[in-house]
6 protein chains.
Amino acid sequence: MLLVEATWKEIESHLATSRAIVMPIGSVEQHGPMGLLGTDAMCAEIIARRAGELGDFLVGPTLSLGMAQSHLAFPGTISLKPSTLMAVVQDVVASLSNSGFRHIVFLNGHGGNIATVTTAFGEIHAHRSLQQDPENLNLVLKSWFDLPGIRKLLAEIYPSGHGSHATPSEIAITQHAFPHAVKQVALDPQTAPDGGFSDAHDFRRRYPDGRKGANSSLAKPEDGARLTEAAAQALVQEMAKYAKA
Amino acid sequence: MLLVEATWKEIESHLATSRAIVMPIGSVEQHGPMGLLGTDAMCAEIIARRAGELGDFLVGPTLSLGMAQSHLAFPGTISLKPSTLMAVVQDVVASLSNSGFRHIVFLNGHGGNIATVTTAFGEIHAHRSLQQDPENLNLVLKSWFDLPGIRKLLAEIYPSGHGSHATPSEIAITQHAFPHAVKQVALDPQTAPDGGFSDAHDFRRRYPDGRKGANSSLAKPEDGARLTEAAAQALVQEMAKYAKA
Amino acid sequence: MLLVEATWKEIESHLATSRAIVMPIGSVEQHGPMGLLGTDAMCAEIIARRAGELGDFLVGPTLSLGMAQSHLAFPGTISLKPSTLMAVVQDVVASLSNSGFRHIVFLNGHGGNIATVTTAFGEIHAHRSLQQDPENLNLVLKSWFDLPGIRKLLAEIYPSGHGSHATPSEIAITQHAFPHAVKQVALDPQTAPDGGFSDAHDFRRRYPDGRKGANSSLAKPEDGARLTEAAAQALVQEMAKYAKA
Amino acid sequence: MLLVEATWKEIESHLATSRAIVMPIGSVEQHGPMGLLGTDAMCAEIIARRAGELGDFLVGPTLSLGMAQSHLAFPGTISLKPSTLMAVVQDVVASLSNSGFRHIVFLNGHGGNIATVTTAFGEIHAHRSLQQDPENLNLVLKSWFDLPGIRKLLAEIYPSGHGSHATPSEIAITQHAFPHAVKQVALDPQTAPDGGFSDAHDFRRRYPDGRKGANSSLAKPEDGARLTEAAAQALVQEMAKYAKA
Amino acid sequence: MLLVEATWKEIESHLATSRAIVMPIGSVEQHGPMGLLGTDAMCAEIIARRAGELGDFLVGPTLSLGMAQSHLAFPGTISLKPSTLMAVVQDVVASLSNSGFRHIVFLNGHGGNIATVTTAFGEIHAHRSLQQDPENLNLVLKSWFDLPGIRKLLAEIYPSGHGSHATPSEIAITQHAFPHAVKQVALDPQTAPDGGFSDAHDFRRRYPDGRKGANSSLAKPEDGARLTEAAAQALVQEMAKYAKA
Amino acid sequence: MLLVEATWKEIESHLATSRAIVMPIGSVEQHGPMGLLGTDAMCAEIIARRAGELGDFLVGPTLSLGMAQSHLAFPGTISLKPSTLMAVVQDVVASLSNSGFRHIVFLNGHGGNIATVTTAFGEIHAHRSLQQDPENLNLVLKSWFDLPGIRKLLAEIYPSGHGSHATPSEIAITQHAFPHAVKQVALDPQTAPDGGFSDAHDFRRRYPDGRKGANSSLAKPEDGARLTEAAAQALVQEMAKYAKA
């Protein structure tokens, strides 16, 4: 069930049977010459919503904006500072916890969010650790590409050229879900350089078209369908742990 | 054009012709026994995207979460504190301004956001006012129900029972766009009481089913279609002011 | 009774009979070639103190500084950032609420404060909404020019040339109260242009002498006396709602 | 000249001859059974304004609210948290510095403000220390009772019973300036105990009527007049250091 | 060279030849019945200082306090909230960068710091990404147990019972360096349970003596010596990358 | 007992007999051509640890970094902003208070920390003052040079040339404790000028080699030994006040 398409009375009923929810979280940031700016938010939402159809749990609204500072030198990128994203995660958790949720699973589509969301969890727990015996609260962060079985599947589909940004896998997932938005663009070089970076100036100097290690042109909608299904099923398995109210 | 479905190179090209963008902003909060939790975010997104089809301007990702503190006593509500929403708006504006946008129009679906977004604009300008001569930045907040002509249309469609929360108009817009999520629920009383409130405890004491002044059952999808079209056209007119790069 | 001229024991006694207080809030900002920098704080204080003589309620210390960022390009303006003013309002409310006050009415003299003070109230309520059942707290913001009957009176006294900044009405109120500080200055043009603005740079470009839409030279002390009395009486009516302890 | 009674053009002219300003800062907090809640703000304002008549310098609006946390267990006390007062001081300094002031002298009436205002200066300088060569900014904090000669005068007028809170000297200054607000209250004991404290609970346990070490009943308006004049003259001397533009 | 044992003139000279520095960072938190509260800070300092003897680079003061919220239910733990630790890291980097350092390597002794320090780096870069072309700044976080070769060495020395908190390796390092503080305590069970946790209440419920997965009694000073030397050499290798000024 | 060399069980036992702790706090900042960057942190740690040997109380980890903004124009200085140091002090106090400590004595080595630490105490108490009757918490700040008898001893050892920064006394204490780090540097002039300052730019302009009023060359290790012992004994006396649990 999608939280945004439910009424508060439906949520109240649902909470009597399960106190778990999936919150998709992504980013709006450049994904090279072929990838959509919304790729990370789309992937998280597509997989979470598909999992919500396969399993019986609640899927909340997608947190579209993430921590994307290193992409700010490419137009269209919209980044929250880490401190802002932490505040958002804290408020989301406070609201859901106040509603009665006890297992809040952030399904993440952007590697750059991992440290920040983990740190936000730490901030929430730090406050609780100084309180008198609060009710337990289980905060979970799972990136779709780290769900069980997915790394192996990625290696199988993309023996080379997957890389770490504007990857063919994430682009494939959006191609499958948004066929009208598939871009045909020649890439040069075919596979981009990979490595580290610091801020947005440094990123753009090192990775002039925005890709990192990726040959985005390997993306095919049918692989996107396969990845979506595999990740959704893995997420259903994860959520089964939190099934009891 | 939807920013999330574009590449950074497409945004770069677009910025050569126009430096304006619409950012839909809503809320995820209870909307009474019939209204969807996502109503406010949906209305803003539906109208902005329709306007983006009618006109030639960019529509950014929807800021789904708003300032909904007074609804927190109803499960499913997810609220950002005002200070958090201000941080989000500041970061969004900083990112878009860094990309080159100069006219940033927030299309709003939730009355409770107005003071906070206005205050965020004040904070942004307060920093700029102490800087040496920064490039001009035009920040605009428009609620769809305050666009030219809309109040008059609402009075015509709903001579009574419109109210101020869980209104038939906002529910109608979502019914038209999400027909699979229309809820059939008996309301008692037909029209809810209206008035003021302070925090969420006070709100729920005064408005036990969540509606304020509204007879939500007046909502009809065909009126939603009409309202969407009218608001979208009004927004196209608004954006025409910012057409030049 | 003026809180600043009372002892804590007198306040303790007063709280046994009434738990309401008026807090004047203004701004120190340019008011054109004729208006005093303290105009907004003075108007709020003058009206609140006169009302406190007519009625039987407590008037707290004036919050002289407000959110005046758009006036910072004119020397003498002292502005709090919105986030700072929010912190001040939160601390004032926490102190007064801790003393036992339950109806805290901010009487405002500056339009630019409205969004920020409203947002501060939202922040206060947002924290309370996540607490277990706190005692009710009624926060009210009233600008003197929005009190019942005042807009009509302004239209009557100033059929034209009132404008929106450095208005003859606010200057008249200060002329009546501070006759030694009346300024005789020629205005050119007689009536200033009106419209929108963003930051202080933009404001000064558009409104070179600081006035917005106003013909300040229409100000007369006797009109100030009349406006003061009318606003004070309207405030007495407002406070009557909160008379019971 | 009082800044609040001047126009921005008058301030602009003044800045051509002097770039110094006095900002009175006080507190609104209990001052025992006889002392007014506004005592600290009043003393700072009275002395600063008298000095402004004797000398030729600008006096800004009084910052009435200070850091008064330890008095919060007595009704009527209004305290800013240290972090809030720091934000206020930072914004005041940013505004005045932006106007062109270079010597900003806070004339203080409340011992409890000293650490916080000093820390706010540190925060301001900490930001400037990391900037490239900013124009010099001279921030000064002077409590009226620490001005040259005043401690000696206090010892002379009050050989005993002066104490450290609700002192006869500060009450005398307000008695002279606000004769209509003089309170006649029996004190028991005549002289209150003195010592340390932590929070407001601790303060009220130790000092049940709010006084600390003081025999407030020694206050006489004529001593208030003498103290006001002496402190005002000492402030005029202090300001002479900053006379040049 | 130790920064704290140098004068500013010596640092100035050093910066002419190298712009790199190592900052040890640890935590003060419970380490089970045998481990010292200072274990994490000690390990980082011991290894960094030994590396500074082997190589020719600067070692800064140890940041002893880290993010230890999950250990707060055990007395003696001193934790910084993530937001506080982020502020500390930001200020340290601002100071060092202002001095002229360009490669700032945090040598970490506590797994719980990793997300927070990474997030602090993100916050720093986020500000730089919105600036005009700042000089490049290379921020590096290395935990001693993740330096090249160390995981392999740990597996060799501790085929089982190493665990993840109060590990024999970290205790061994402190035993070698602080022989007077070696504790002889019987452990029950020999090897503690391992797994996840949320806040401090949850941690103590799951891990009653504070160890996680570890058999601390495997610690021997001679293994501590070997680990110190191996980690110090690996750090010397890492620093060689940043040798040029 | 050193907290960092104890286990949590030892701290638990200790808390049954005493609820007091000393936290050394210093700074890492330039101390002229002869003084070590770590001087202030070293002095606080040396004296606190020596006192911990003489008396029977707990000594916590040294907070090495302090508020050193005015020294930032000399390389090697690492400063926390006042707001950051306040956050650190607040977190340290929250952790120790949560462990059961009730008397927390910061032994300070840097004059520039005094206002900030005092302000942090105010912030902590401000929150407590608005709470319902919290358990009492005694926060104490003592600079070693302000302990009873020390000023007199300083005047005796250094009849002239002591000054206020890079003083021979603090350098002597470090010379005694760290003989390998004694620096032989010619000073010119022998005694530096003294006076006020604002930010780091201003400080360096006025005090080009970093000393303020001091003839650092008067420092001798044997005087350091004497000062250490005197200050440690004075601290033991201070701690005796808090001996009971």
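1. A residue is called buried when its relative accessible area is under 20%. Keep that cut-off in mind as you look at this predicted model. Ala166(C) has a relative accessible area of 0%, so Ala166(C) is buried. This alanine sits in the loop between α5 (150-157) and α6 (168-177) of chain C. Its backbone deserves a look too: Ala166(C) is not a glycine, yet its phi is positive, about 60 degrees.

2. Now turn to chain B. Ala166(B) also has a positive phi of about 60 degrees without being a glycine. You will find Ala166(B) in the loop between α5 (150-157) and α6 of chain B. Is Ala166(B) buried or exposed? With 0% relative accessibility, Ala166(B) counts as buried. For background, most residues other than glycine have a negative phi, and most peptide bonds are trans.

3. Asp188(B) and Pro189(B) are joined by a cis bond, with omega at about 0 degrees. Pro189(B) belongs to the loop between α6 (168-177) and α7 (200-206) of chain B. In chain F, the bond from Asp188(F) to Pro189(F) is cis, and its omega is near 0 degrees. Pro189(F) lies in the loop between α6 (168-177) and α7 (200-206) of chain F.

4. Next, have a look at where chains A and B meet. Here 51 residues of chain A are in contact with 51 residues of chain B. In chain A, the residues that lose the most area to chain B are Glu5(A), Trp8(A) and Pro75(A), which together make up 19% of what that side buries. The area buried between chain A and chain B comes to about 3900 Å², and carbon and sulfur atoms give 62% of it.

5. What polar pairing crosses this interface? There are 22 residue pairs in polar contact between chain A and chain B. On the side of chain A that touches chain B, α1 (8-15) and α3 (82-99) each supply at least two residues. The largest share of that side, nine residues, comes from α3(A). Sorted by type, the residues of that side are 28 nonpolar, 15 polar and eight charged.

6. How many salt bridges link chain A and chain B? The count is four. Lys183(B) forms a salt bridge with Glu10(A), with the closest N and O atoms 2.9 Å apart. Over all chains, the count comes to 90 salt bridges.

7. Some salt bridges lie within a chain. Arg211(A) and Asp209(A) pair through their side chains, at 2.8 Å from N to O, and both residues are buried. In chain B, Asp209(B) and Arg211(B) form a salt bridge with their closest N and O atoms 2.8 Å apart. Asp209(B) is buried at 13% relative accessible area, and Arg211(B) is buried at 0%. Back in chain A, salt bridges with shared partners join Arg19(A), Arg102(A) and Glu135(A) into one network.

8. Glu238(A) and Lys241(A) form a salt bridge, with the closest N and O atoms 3.0 Å apart. Glu238(A) is buried, with a relative accessible area of 5%, whereas Lys241(A) counts as exposed at 59%.

9. Finally, follow helix α4 of chain B, residues 114-129. This helix has 16 residues and reaches 22 Å from its first C-alpha to its last, close to the 22 Å expected. Of the 16 residues of α4(B), 13 are buried, so the helix is largely enclosed by the rest of the structure.

Conventions: Residues are numbered from 1 along each chain as its sequence is written. Chains are lettered from A and ligands numbered from 1 in the order in which they are written. This is a predicted model: local features need pLDDT of at least 70, side-chain atom pairs count only at pLDDT 80 or more; totals for chains, interfaces and linings use all residues. Side-chain values use heavy atoms; hydrogens and water are left out. Contact means heavy atoms within 4.5 Å. Buried area is the accessible area (1.4 Å probe) that two parts lose on being put together, summed over both. A polar contact is a pair of N or O atoms within 3.5 Å; within protein, one must be able to donate a hydrogen and the other to accept it, and residues adjacent in sequence count only if both atoms are side-chain atoms. Helices (H or I, at least four residues) and strands (E, at least two) are DSSP runs, numbered from the N terminus. Ala, Val, Leu, Ile, Met, Phe, Trp, Tyr, Cys and Pro count as nonpolar, Asp, Glu, Lys and Arg as charged, and the others, Gly among them, as polar. Buried means under 20% relative accessible area, exposed over 50%, partly exposed in between (1.4 Å probe, protein chains only). The expected span of a helix is 1.5 Å times one less than its number of residues.
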